[in-house]
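This report walks through one protein model, from its overall build down to single residues. Keep the structure in view while reading.

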Amino acid sequence: MTRSEPYGVSDLPEPVRDRRVGPGDEFCFACHAGLECFTRCCGDVNILLTPLDVLRLARRLGLETGDFLARHTLSPITKELHLPVVLLRMQEGPGKRCPFVGETGCGVYEDRPWSCRMYPLGMGLPPARAGVEPEPVFFKCHDDFCAGAAQGQKWTVESWRASQGVPEREAAESGFREIVAHPWFIGGRQLDAKRIELFHLACYDLDRFRCFVFESSFLERFELEPDLVAALRASDEELLRFAFRWLRFALFAEPTVSVREAAKKGMES
Ligand code: SF4
Ligand code: SF4
């Protein structure tokens, strides 16, 4: 089972296309500990982690991002995807349970991943098109065992997402979506291995990206405002926002950061 796939509308498999939920459509849903299915959904599932998911979960567990990635994630290599994805690693053994689920439910609830917040909705982004802002497509997940799907109050996509704190999280990592759906990829262009590594480093391994910014010649090469440098030192989420901005320079040669004159000369010589 996969909760949210990076599909475009035209690529949605037919059964999923039939379960699309438009902006005005309503659906019923109620999830609570009294249901027989409680936590059944927290096993044997592909949960895509966003950069903010990795950061928040790592901090919650008191881990460096690199340690979190090594212990709790998988990065499958697939030809279909133009950028690497990070999946939460389920435990071995019966039911392939999520490492964070317990008797009383989700043990990381306040920092649960984006796709766990979205459930029972899934979302896909259409392929990048020149001059077109990608509009997400929402669909209803379908799991026979989920009793919550047939009861409870009525929701719309907007009210459900708001109740789960999704828009705030998406706002904090809006720069990530700009990279994933960047028009540079139109026509199936592929990044080289070095740029893919930079993408993975800056998006997912923020503690290593921090070392890259503050412990290499980065600040000699790029001209950053002193206030910004102070904010990057003080806040993980500011650093993540900056990582997305810098990646547009590093991956697509967009002028999102200023290169110092001396560094430009170094690049030319
Ligand atoms: S992170 Fe929490 S909500 Fe998501 S699958 Fe694991 S236990 Fe369930
Ligand atoms: S109602 Fe659905 S989402 Fe809630 S615990 Fe049961 S299976 Fe999971």
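Helices (H or I, at least four residues) and strands (E, at least two) are DSSP runs, numbered from the N terminus. The model shown here is predicted.

**Overall build**

The protein has 13 helices and ten strands. Its C-alpha trace spans about 65 × 40 × 35 Å along the principal axes. For 269 residues, a compact globule would have a radius of gyration near 18 Å; the protein has 20 Å, which agrees. Of the 269 residues, 25% count as buried. Take the contacts between residues at least 6 apart in sequence: 74% of them join residues at least 24 apart.

**Two domains**

The domain assignment gives domain 1 (9–180) and domain 2 (191–268). Their centres, taken over C-alpha atoms, are separated by 28 Å. How many residues of each domain are in contact with the other? Domain 1 brings 17 residues, and domain 2 brings 18. On the domain 1 side, the elements that give two or more residues are helix 2 (51–60), helix 3 (65–72) and helix 7 (174–180). The residues of that side divide into eleven nonpolar, three polar and three charged.

**The nonpolar core**

In soluble globular proteins, nonpolar side chains tend to be buried together. Here the largest nonpolar core has 46 residues. Val54, Leu121, Phe138, Leu239 and Ala243 have the most contacts inside it. Helix 12 (residues 236–252) gives the largest share of this core, seven residues.

Leu239 deserves a look of its own. Leaving aside residues up to four places away in sequence, Leu239 touches Leu206, Phe209, Arg210 and Leu232.

**Two ligand sites**

The model holds ligand 1 and ligand 2. Cys42, Ile47, Cys98, Phe100, Val101, Cys106, Val108, Arg112, Pro113 and Cys116 surround ligand 1. Around ligand 2 stand Cys31, Leu35, Cys37, Phe38, Thr39, Arg40, Cys41, Tyr119, Phe145, Cys146, Ala147 and Gly148. The table sorts each shell by class.

| Shell | Nonpolar | Polar | Charged |
|---|---|---|---|
| Ligand 2 | nine residues | two residues | one residue |

Return to Gly24. Is this residue buried or exposed? Gly24 has 8 C-beta neighbours inside 10 Å, so it counts as exposed; the cut-off for exposed is 12 or fewer. Gly24 and Val157 are 133 residues apart in sequence. In space, their C-alpha atoms are 8.0 Å apart.

Now turn to Ala253. This residue sits in the loop between helix 12 and strand 10 (258–259). Ala253 counts as exposed because it has 9 C-beta neighbours inside 10 Å.

Notes
Residues are numbered from 1 along each chain as its sequence is written. Chains are lettered from A and ligands numbered from 1 in the order in which they are written. This is a predicted model: local features need pLDDT of at least 70, side-chain atom pairs count only at pLDDT 80 or more; totals for chains, interfaces and linings use all residues. A residue is near a molecule or strand if its C-beta atom, placed from the backbone, lies within 6 Å of it. Ala, Val, Leu, Ile, Met, Phe, Trp, Tyr, Cys and Pro count as nonpolar, Asp, Glu, Lys and Arg as charged, and the others, Gly among them, as polar. Domain bounds come from an automatic or database domain assignment. Two residues are in contact if their C-beta atoms, placed from the backbone, lie within 7 Å. The radius of gyration is taken over C-alpha atoms; the globule rule is 2.2 Å times the number of residues to the power 0.38. A residue is buried if 20 or more other C-beta atoms lie within 10 Å of its own, exposed if 12 or fewer, and partly exposed in between; C-beta atoms are placed from the backbone. A nonpolar core is a set of buried Ala, Val, Leu, Ile, Met, Phe, Trp, Tyr and Cys residues joined through C-beta atoms within 7 Å.
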